[in-house]
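My entries are below, in the order in which I made them.

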Amino acid sequence: MRLIGLAIILSASLTLTSLAAEGQQAGKVYRVGILNPGHEPPPYSAISYYGPFRQSLADSGYIEGRNVSFAYRWGGGDFRILPALAIELVRVGVDVLFAVSTPAIRALMGATTTIPIVVVSVLDPIDAGMVASLARPGGNITGVSGRVIELNEKLLELLKESKPSVSRVAVFGHPTAVGRDRQGMEAAARRLRVQLQFLEVTSLKGLDEAFESAAKARAEGLVLLPTELFAFNERRIAGLALERRLPTIFWRSQFAEAGGLMAYGPDDVYALQRAGALVARILAGARPSDLPVEQVDRFRLVLNLKTAKALGLTIPPTILLRADQVIE
């Protein structure tokens, strides 16, 4: 009887210890560090912009105020301070880091090789040196790639379809982007019977100069290559394009919302949702080295009919019917 009683006591003790351990783990509040090169508050608040990301985490059981918190650091448009902000996030003790822009991603890469990093990148993660391969990232980074081969050719095609008479199109981009995408775009331009003018832009001053050069060359349309400078100055670019009466297309849907004519590219809401799911898996114990980098296979076409009207442009029904969002 004493042995049985002792066994019962030991069993109960082990059960209580196990429950206490589980309760401690269940009571843990994970911290996710988010680095953003933009301003605080950004044009879209942190909660609304990162809403799909946060909701994806919540769908996986990680709810702010209960078992997860978010530490934001904003660059204020100054990429030079991002490395210091990345180090600061590492020091405050985060469980996972997250970034959606190349300068922020590189800053996080320089700050840690051990804390898991989840990214949303418009670059090829392999070419950018972020991962060893898409299937087996191999390090502390995984995420979602929005890099799409021939995306810029598609932008040119949509611009031509929206204004069939266009014959001269300016292309703005960082020198790296211009060098990478020039050959493919020139092939598409020959097929569409469009003459391209490539202009390298690395600063806001250079942006103003590029618009001057495009005007002198009598450009009738404008394609913006994926560039951080453009992504953080969409409203300004949209205003300059309207002032110059240049129908303009960019890959980010926010460009059309900021007053640009058209946007076509990977669905950023879906990309944020997938990134949130990856963060949830890491918080649950998965290693980023074992989580394949996902590639966005959903795209959105957004049209701003207010801008089209101001430009005196009638968008063909073929494009209107394909649009995922029409701003009126």
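The entries start with the ground rules and then go from the sheet to the helix.

**Ground rules.** I am working with a predicted model, where local features need pLDDT of at least 70 and side-chain atom pairs count only at pLDDT 80 or more, while totals for chains, interfaces and linings use all residues. Residues are numbered from 1 along each chain as its sequence is written, and side-chain values use heavy atoms, with hydrogens and water left out.

**Sheet.** I looked up the strand order and found an open sheet of six strands, β2-β1-β3-β4-β5-β11, with parallel pairing. Helices (H or I, at least four residues) and strands (E, at least two) are DSSP runs numbered from the N terminus, and two strands pair if DSSP finds at least two bridges between them. The edge strands are β2 (68–74) and β11 (294–295), each of which pairs on one side only. Helix α3 (residues 51–59) packs on the sheet and touches β1, β2 and β3; its direction makes about 160° with that of β2. Such angles run from 0 to 180 degrees between N-to-C directions, with axes fitted to C-alpha atoms, for helices over the stretch in contact. Strands β1 (residues 30–36) and β3 (residues 96–99) run parallel and are joined by four bridges. I34 has F98 in β3 as its bridge partner.

**Y62.** Is Y62 buried or exposed? Y62 has 12% relative accessibility and therefore counts as buried (under 20% relative accessible area; exposed is over 50%, partly exposed in between; 1.4 Å probe, protein chains only). Y62 sits in the loop between α3 and β2. Leaving aside neighbours within four places in sequence, Y62 is in contact (heavy atoms within 4.5 Å) with residues including Y30, L57, A280 and L283. Y62 and A280 are 218 residues apart along the chain, yet their C-alpha atoms are separated by 7.2 Å.

**Helix α12.** I checked the length of α12 (residues 268–283): at 1.5 Å a residue its 16 residues should span 22 Å, and the end C-alpha atoms are 22 Å apart, which agrees. The expected span is 1.5 Å times one less than the number of residues. In α12, 12 of the 16 residues are buried, among them Y270, A271, L272 and A280. Just after α12, G285 takes a positive phi of about 120°.

**Cores.** The largest nonpolar core has 53 residues, of which L156, F172, L196, F211, V223 and F230 touch the most other members. Helix α7 (residues 175–192) gives the most to this core, with six residues. A second, separate core of 28 residues includes V96, V120, A271 and L272. A core here is a set of buried Ala, Val, Leu, Ile, Met, Phe, Trp, Tyr and Cys residues joined through side-chain atoms within 4.5 Å.
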